[in-house]
Amino acid sequence: MNEYNECDVVVIGGGASGLSAALVLARARRRVAVVDAGRPRNAPAGHMQGFLGADGLPPAELLAAGRAEVAGYGGQLISGTVTGITPCPAPAGAVRRRFVVTLDDGPALRTRRVLVTTGLRDDIPDIPGVRERWGRDLLHCPYCHGYEVRDRPLGVLGGTPEAVAHAHLVRQWSDDVVFFANGAVLAADQRERLAARSIGIIDAPVARLVVEDDHLSGVELTSGEIVPRSAVFVRPRFVPNDDLLTSLGCTTHDSGWVVVDATGRTSVDGIWAAGNAVNPRAQVITAAGEGSAAAIAINNSLVDEDVSIAVTGFRLGLPV
């Protein structure tokens with residue numbers, strides 16, 4: 001039998017949310033395993049901003065420190081991809097069902113609770129240069145990256161319903177902002193609001209991002225004109241990595257995102273979720289906090305179960 005087989009909690013996803021949860025649970029002396037596929041959403045970013053005490057730290061360094069802390073308290077770290085979560089009958093004396101977590105490689109994990117922190121995928125425009133510059137000078141979050149490109153010539157790519165609002169937000173960091181409608185039709189009131197804040201409007205479709213010496217230098221239009229810009233923001237469509245949750249039958253909002261309460265509890269007993277898998281707007285520090293809150297709730301639920309099992313054994317005269 002592998003040491004990973006029997007767990008109190010399996011955490012699926014080893015980002016800030018999952019590792020924060022694992023740290024709390026390991027310190028609570030729970031048998032916790034973190035399964036991580038090694039594909040963090042913020043991998044392209046050189047630095048992480050807005051995380052108190054770690055502002056400017058490369059994301060990879062934060063995760064490495066988190067893994068070391070979890071392992072230092074006895075938490076298990078498993079590299080792999082979870083392929084399924086299967087409810088199974090609870091053993092004698094237990095008051096809740098257990099789960100079997102299967103991996104693409106390695107033994108299955110039997111666990112009392114599951115926390116899913118698998119994040120989301122950014123669906124970004126299919127424009128040459130966008131994917132290559134993603135997380136570098138093609139950016140999505142002004143709160144994460146705005147200060148680093150402050151007072152520079154900035155652009156905002158249109159194409160999503162929130163793009164105009166994104167341009168107004170980016171305007172806070174620079175007086176030189178151009179909104180690239182990329183062929184989309186703007187309403188009269190949208191144009192007025194952009195003009196009132198001195199945000200330039202370019203209606204022509206975008207052909208590509210121009211890169212020189214490994215730095216974004218402009219946006220080329222289909223007409224061949226190049227508009228100089230040193231960074232461009234885009235509001236991607238957020239796609240949750242929630243197949244494991246929906247396959248269990250977790251309730252979803254009308255928007256399609258899985259419903260959780262304030263502690264991350266889903267509609268399926270024993271299953272929690274936190275971070276970008278259920279909250280598209282969670283930054284790294286937010287995700288870490290959600291993971292911590294979920295871990296405390298999970299441990300409390302395990303304590304309740306431990307008490308029920310102990311009372312049953314006590315009444316039957318079983319040894320402690």
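This is a predicted model: local features need pLDDT of at least 70, side-chain atom pairs count only at pLDDT 80 or more; totals for chains, interfaces and linings use all residues.
Local features need pLDDT of at least 70 and side-chain atom pairs count only at pLDDT 80 or more, while totals for chains, interfaces and linings use all residues. Residues are numbered from 1 along each chain as its sequence is written, and side-chain values use heavy atoms, with hydrogens and water left out.

Start with the helices (DSSP runs of H or I, at least four residues, numbered from the N terminus). Helix 1 (residues 16–27) and helix 8 (residues 284–315) have axes that come within 7 Å and cross at roughly 35°; axes are lines fitted to C-alpha atoms over the stretch in contact, with angles running from 0 to 180 degrees between N-to-C directions. On the helix 1 side, the contact (heavy atoms within 4.5 Å) includes Ala16, Ser20 and Val24, and on the helix 8 side it includes Val284, Gly291 and Ile298.

Next comes the salt bridges (a side-chain nitrogen of Lys or Arg within 4 Å of a carboxyl oxygen of Asp or Glu). The structure holds 18 of them. In one, the side chains of Asp306 and Arg112 meet at 2.7 Å, N to O. That pair ties together distant parts of the chain, 194 residues apart: Asp306 sits in helix 8 and Arg112 in strand 6 (residues 109–116), a strand being a DSSP run of E, at least two residues.

Then there's the lining of the second largest pocket, which has 6 nonpolar, 7 polar and 6 charged residues. Here Ala, Val, Leu, Ile, Met, Phe, Trp, Tyr, Cys and Pro count as nonpolar, Asp, Glu, Lys and Arg as charged, and the others, Gly among them, as polar.
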